[in-house]
Amino acid sequence: MLHYKMNVLQELKKSGYSTYRIRAEKVLSEGTMQRLRMGSTAISVESLGILCNILQCQPGDILEWIPEDNASGAPPC
């Protein structure tokens, strides 16, 4: 399961990108902004690339994968 290693919106704000600026400049879609607010990791690779560009980081600095408890007995991917 993926989860954020940082508060993305807070880091964007530190980099000079308030939610107002992001919306006004159409940097990210409103849907992506809503998913970030809710902590959903269901964002596009394109959006992840935009975040990396703004924050000057790698995707692994934003997201991390944590193995789930495999109670179903299915093999991991």
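The buried residues of helix 4 pack against helix 1, helix 3, helix 5 (59–62) and strand 2 (63–65). Helices and strands here are DSSP runs numbered from the N terminus, a helix being H or I with at least four residues and a strand E with at least two. The packing rests on contact, meaning heavy atoms within 4.5 Å. The model is predicted, so that local features need pLDDT of at least 70 and side-chain atom pairs count only at pLDDT 80 or more, while totals for chains, interfaces and linings use all residues. Residues are numbered from 1 along each chain as its sequence is written, and side-chain values use heavy atoms, with hydrogens and water left out.

The buried set in helix 4 consists of Ser47, Leu48, Leu51, Cys52, Ile54 and Leu55. Seen down the helix axis, these buried residues fall within an arc of 165°, so they line one face of helix 4. The arc is taken over the directions from the helix axis to the C-beta atoms. Buried stands for a relative accessible area under 20%, exposed for over 50%, and partly exposed for values in between (1.4 Å probe, protein chains only). The face of helix 4 turned away from the buried side carries the exposed residues Val45, Glu46 and Asn53. After helix 4 comes Gln56, whose phi is positive, near 55°.

The largest nonpolar core has 19 residues, and those with the most contacts inside it are Leu12, Leu36, Leu51 and Ile62. Helix 1, helix 3 and helix 4 (45–55) are the elements that give two or more residues to this core. Helix 4 gives the most, with 5 residues. Such a core is a set of buried Ala, Val, Leu, Ile, Met, Phe, Trp, Tyr and Cys residues joined through side-chain atoms within 4.5 Å. In soluble globular proteins, nonpolar side chains tend to be buried together. For Ile62, leaving aside neighbours within four places in sequence, the contacts are His3, Tyr4, Lys5, Met6, Val8, Leu48, Leu51, Cys52, Leu55 and Cys57.

Ser47, in helix 4, has a relative accessible area of 8% and is buried. Outside four places in sequence, Ser47 is in contact with Leu28 and Thr32. Thr32 belongs to helix 3 (residues 30–38) and counts as buried at 3% relative accessibility. With residues up to four places away not counted, Thr32 touches Ile43 and Ser47.

Ser15 is found in the loop between helix 1 and helix 2 (19–24). With a relative accessible area of 35%, Ser15 is partly exposed. Leaving aside neighbours within four places in sequence, Ser15 is in contact with Ile54 and Leu55. Ser15 and Gln56 are 41 residues apart in sequence and 9.6 Å apart in space, C-alpha to C-alpha.

Charged side chains come next. Side chains of opposite charge can pair when their charged atoms come close. The structure holds 4 salt bridges, a salt bridge being a side-chain nitrogen of Lys or Arg within 4 Å of a carboxyl oxygen of Asp or Glu. One of them joins Lys14 and Glu11, with the closest N and O atoms 3.3 Å apart. Both residues lie in helix 1 (residues 8–14), 3 residues apart, about one turn of the helix. An α-helix has 3.6 residues a turn, so residues three or four places apart point the same way. Lys14 counts as exposed at 61% relative accessibility, and Glu11 is partly exposed at 25%.

Glu25 and Arg21 meet in a salt bridge at 2.9 Å, N to O. Glu25 is partly exposed at 45% relative accessibility, and Arg21 is partly exposed at 29%. The charged end of Arg21 also sits over the ring of Tyr17, 3.9 Å from its centre. That label applies if NZ of Lys or CZ of Arg is within 6 Å of the ring centre and within 35 degrees of the ring normal.

Arg23 and Glu30 meet in a salt bridge at 3.2 Å, N to O. Arg23 is partly exposed with a relative accessible area of 44%, and Glu30 is partly exposed with 39%. Arg23, Glu30 and Arg37 are linked in a network of salt bridges.
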